[in-house]
Amino acid sequence: MARHISAGGKPGKPPPRAASQGRFMAPRRESGRSWPVAVWELRRIVRFPALWGFLAVCLLLNSWALLASVSGWRADVDYAIEVTQRLGTTVDDRFVARLEAEPASVERDELMQYVQSALGPGYEGWDPIAAGDRYAAKLNEQGHPHLALQMQLKARWVQSRARHLTAVGADDDFLAGRISTVLHGAAATLMQTILLESMILGSLIVLHAVGGDWFHRMTPLICASRTGRRTVTCRLAVGIGCALAAYAVLGAGFLAVWVLAFRIPGLWGANVSSRMFGVTTDAGLQPFITWADFSVGGYLCASLGLGMLFVLAFALFAGTLGLLLRSVLAAFGGVMAFGAAGLVAMMFVHDALAYQLLGIQPMYALANANLWFSDMHMHAVVPWQETIVMLISTAYCAIALVVARRAYSRKDLT
Amino acid sequence: MLTVEHVTKTFSGTAVLKDVNLTFEQGVYGLLAPNGAGKTTLMKMLATLLFPTDGSIRWNGEDIIAMDDRYRGLLGYLPQEFGYYPNYTPRQFLRYIAALQGVRRARADKRIERLLGLVGLSDAADRKMKTFSGGMIQRVGIAQALIAEPQLLILDEPTAGLDPKERVRFRNIIHDLATDRIVILSTHIVSDLETIAGKIIMLKDARVLRCDTPATICGELEGHVWEVPSGMPLGDGQRLLSEVQYGAETRQRIWSSAPLAAGDAITPVAPNLEDAFLMTYGE
């Protein structure tokens with residue numbers, strides 16, 4: 001029955017794979033429907049109990065943290081609601097006059113003082129060119145004349161934006177009165193928290209999807225099946241999708257609590273670049289000048305959108321390490337190390353050029369979450385820098401994953 | 001027909017298999033060799049988990065790597081260390097494997113019922129596998145290898161953890177299957193191979209030593225295997241193979257190049273595959 005073949009073997013390395021589409025459905029051997037492999041993979045993730053526990057704890061903690069952080073300002077929030085209902089949402093001369101006529105109270109006096117002092121009457125007294133020159137001087141001191149020139153160029157773009165915002169009356173929106181900065185700070189802090197939670201949870205989801213097979217010793221069975229190593233493509237897609245869905249849940253929870261807690265009339269439609277809100281920088285108190293016109297609602301949604309890129313970048317990176325390393329723990333450690341290194345760089349690097357170069361990674365966005373879509377002062381040299389950095393980071397993480405996936409197709413599974 | 005053509009496999013510069021040439025047609029082939037001889041490496045290459053460093057493996061003349069899912073679709077594989085999801089029941093697990101194999105759900109469910117009956121797990125079909133014994137897990141492994149009605153079965157240590165009754169059941173299953181497909185199995189339990197394998201492939205020093213029927217292999221030792229009293233000194237041209245127990249008495253099985261004088265204490269015996277294994281691989 002058996003005989004030895006004496007000749008005829010071809011040398012070598014594995015021949016090119018047959019062209020096979022990256023289908024998520026198991027290839028059909030028989031006519032008729034078969035239960036898609038993707039559904040099985042989704043089910044496996046959804047039945048991961050730690051996922052739901054983590055989400056529930058995060059939602060509860062985030063809601064509590066947000067409400068606790070502004071609980072001390074409840075009286076101001078309530079007064080802001082009253083004021084906007086009676087006086088409107090535009091801080092002009094008429095508003096100021098009517099506020100003066102309001103019954104005397106501590107809240108009225110504090111609001112009057114804030115309205116009259118916050119960045120002055122619109123942006124007219126504010127000089128972005130001077131601020132740009134101060135940043136440029138610091139960059140020249142550090143020996144980066146090219147960055148200094150770029151910073152001065154950016155200052156001219158900021159000036160153009162400031163003129164536009166003045167023309168459309170954006171700087172006169174009431175926002176939340178004197179607690180506008182507090183609310184923005186709370187939102188930015190919560191955004192950073194959600195990003196970190198999603199980064200951790202998203203990475204764990206992707207690693208569970210991709211790396212769990214090594215843990216359960218299922219890899220030989222799966223890779224020897226008809227679907228074979230294409231299963232991992234399906235798992236990556238499902239895992240990354242679930243990571244983004246988890247982030248969406250956390251983001252929706254954040255928005256829901258915010259909407260319920262701060263029903264200040266006109267807040268959601270007010271421009272975030274109002275003079276009621278400023279940012280403290282090396283050049284003193286500066287207005288929050290964004291590169292596009294953003295309402296508060298629009299800004300939050302845009303932030304959540306950028307946050308999704310952040311989560312996607314880490315999910316892609318986790319998938320890459322999940323394919324390259326057999327140990328889920330080692331892969332997770334690698335993801336956390338990448339994040340930690342990036343964050344440390346953003347916190348402790350003082351040289352401007354090094355900061356910009358080391359900032360081409362997702363943690364740049366996290367570290368500057370309170371300044372997204374604005375001129376970002378010394379932390380950015382071009383408009384939309386946080387968005388550009390996130391797009392580049394996502395792109396190189398995606399490329400890394402593609403390379404790892406191709407390597408996996410040709411890898412000996414010992 | 002499955003052919004292995006001049007296949008060499010090297011890991012970190014060490015050749016685990018060298019210039020292996022084999023042809024498999026319908027029937028049962030047993031891989032017999034000590035640990036580390038390359039059995040699992042060969043099986044993993046047949047299952048496309050490893051890639052040959054040199055040479056190629058072909059199914060009906062076509063390279064199995066190039067065939068991709070067309071080859072894996074006719075393959076049923078039971079790895080040496082069979083993994084599973086502990087919170088799945090056998091029914092769920094087999095449905096998942098069926099999905100991976102592209103078997104339609106309705107057809108898969110019928111096959112699953114039949115296979116669970118075949119391996120004696122019908123009563124435990126809906127119990128979580130984390131509650132199973134090692135033998136029960138192994139039986140699920142055998143069932144999953146058959147879910148797609150493969151034309152090629154590769155079973156690495158399939159009887160590990162099975163009790164004698166289950167091993168008999170397994171042998172019967174393989175006997176029935178081998179009538180119209182290729183079955184390649186490796187095991188350390190030589191007696192399993194003796195009863196079910198049509199051909200035995202022996203590996204030594206990373207090469208195929210021989211590929212013959214059990215009768216041919218054992219026939220070469222005919223007249224050279226004897227049972228002698230325990231403790232009897234061995235002379236030149238004699239080798240101890242094993243010891244056997246008859247009640248309170250222990251006797252030695254030895255190989256002798258020259259015939260011995262048969263008597264009450266010294267008896268010629270029919271050589272078995274274990275004798276051949278020990279002669280080939282013993283020191």
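**Backbone: positive phi**

I started with B:E157, which is buried, with a relative accessible area of 7%. My cut-offs are under 20% relative accessible area for buried, over 50% for exposed and partly exposed in between, using a 1.4 Å probe and protein chains only. This is a predicted model, so I took local features only at pLDDT of at least 70 and side-chain atom pairs only at pLDDT 80 or more, while totals for chains, interfaces and linings use all residues. Residues are numbered from 1 along each chain as its sequence is written, chains are lettered from A in the order in which they are written, and side-chain values use heavy atoms, without hydrogens and water.

I looked up phi for B:E157: it is positive, about 55°, and the residue is not a glycine. Most residues other than glycine have a negative phi. B:E157 sits in the loop between β7 (152-156) and α7 (164-177) of chain B. Helices (H or I, at least four residues) and strands (E, at least two) are DSSP runs, numbered from the N terminus.

B:D205 also has a positive phi, near 50°. I found B:D205 in the loop between β9 (199-204) and β10 (207-212) of chain B. Is B:D205 buried or exposed? B:D205 counts as exposed, at 63% relative accessibility.

**Salt bridges**

I counted a side-chain nitrogen of Lys or Arg within 4 Å of a carboxyl oxygen of Asp or Glu as a salt bridge. The count over all chains is 31.

I then checked A:E102 with A:R86, whose closest N and O atoms are 2.6 Å apart. This pair links distant parts of the chain, 16 residues apart: A:E102 is in the loop between α4 (93-100) and α5 (106-117), and A:R86 is in helix α3 (residues 74-87). A:E102 is buried at 11%; A:R86 is partly exposed at 38%.

Next came B:D109 and B:R105, with closest N and O atoms 3.2 Å apart. Both lie in helix α5 (residues 105-118) of chain B, four residues apart, about one turn of the helix. B:D109 is partly exposed at 23%, and B:R105 is partly exposed at 29%.

For B:R253 and B:D275 I noted a closest N and O distance of 2.5 Å. B:R253 is in strand β13 (residues 249-256) and B:D275 in helix α10 (residues 273-281), so the pair ties together parts 22 residues apart in sequence. Both residues are buried. Salt bridges with shared partners join B:E227, B:E249, B:R251, B:R253 and B:D275 into one network.

**Pockets**

I used a 1 Å grid over the protein atoms alone; a pocket is an open set of points where a 1.4 Å probe fits, with protein on both sides within 12 Å along at least five of seven lines, and lining residues have an atom within 4 Å of a point. Volume is the space filled by probe spheres set on the points, which are joined across faces, edges and corners.

The largest pocket has a volume of about 550 Å³. It has 21 lining residues, and A:R44, A:F48, A:P49, A:H208 and A:H216 are the closest to its centre. Which element gives the most to this lining? α8(A) does, with seven residues.

The second largest pocket has a volume of about 330 Å³. Of its 19 lining residues, those closest to the centre are A:D282, A:V349, A:Y355, A:M378 and A:H379.
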